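Let's take a friendly walk through the charged side chains of a protein model. Have the structure open and follow along.

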Amino acid sequence: MDLLKDTLQPFVRVSLSDLDKVKLMNRTDQKFCLHISQLPFVLEAINSQYSILEIDNEIVFKYDNTYYDTPDNLMYIAHQNGKRNRYKVRVRKYVQTDINFLEIKLKNNKGRTIKERITRPTFDTDFSQREIEFIGQTST
């Protein structure tokens with residue numbers, strides 16, 4: 001873990017309030033697989049073009065997720081098949097701040113990820129009536 005933190009040191013830091021201005025709720029994503037030994041080289045190559053979140057002097061964070069699906073796993077199947085206009089429903093807990101969200105993510109046919117979320121009091125598996133309504137309104 002020290003190697004990761006050491007490699008991240010040159011990045012410009014942003015705070016949660018800085019991040020709130022951007023929100024990242026409507027974005028394009030690209031994900032890559034690489035061997036862990038390559039990570040320092042990649043991070044060094046991009047550190048002048050990206051910034052990194054810092055909270056209470058920490059730059060590496062933990063979060064917990066629980067993903068939800070239909071009884072016949074339609075969201076998972078759509079993801080595996082690369083279908084566009086697909087949804088993901090999850091509950092996320094940011095461990096350091098103890099903040100929880102119910103999030104609905106749409107990956108549209110233009111390659112954009114559009115996320116809507118609401119706060120929730122706990123990382124519980126039961127949905128309130130408000131959350132059920134949010135899921136219904138947001139994922140149709």
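**Charged partners**

Start with Glu103, which counts as buried at 0% relative accessibility. Buried here means under 20% relative accessible area, exposed means over 50%, and partly exposed lies in between (1.4 Å probe, protein chains only). You are looking at a predicted model, where local features need pLDDT of at least 70, side-chain atom pairs count only at pLDDT 80 or more, and totals for chains, interfaces and linings use all residues. Residues are numbered from 1 along each chain as its sequence is written, and side-chain values use heavy atoms, with hydrogens and water left out.

Which residue does Glu103 meet in a salt bridge? The partner is Arg117, at 3.3 Å from N to O. A salt bridge is a side-chain nitrogen of Lys or Arg within 4 Å of a carboxyl oxygen of Asp or Glu. Arg117 lies in strand E7 (residues 112-120) and Glu103 in strand E6 (residues 99-107), so their pairing ties together parts that are 14 residues apart in sequence. Helices (H or I, at least four residues) and strands (E, at least two) are DSSP runs, numbered from the N terminus. Arg117 is partly exposed, at 29% relative accessibility.

Now find Glu131 and Arg120, whose salt bridge has its closest N and O atoms 2.6 Å apart. Glu131 sits in helix H5 (residues 129-138) and Arg120 in strand E7, so this pair links parts that are 11 residues apart in sequence. Glu131 is buried at 3% relative accessible area, and Arg120 is buried at 6%.
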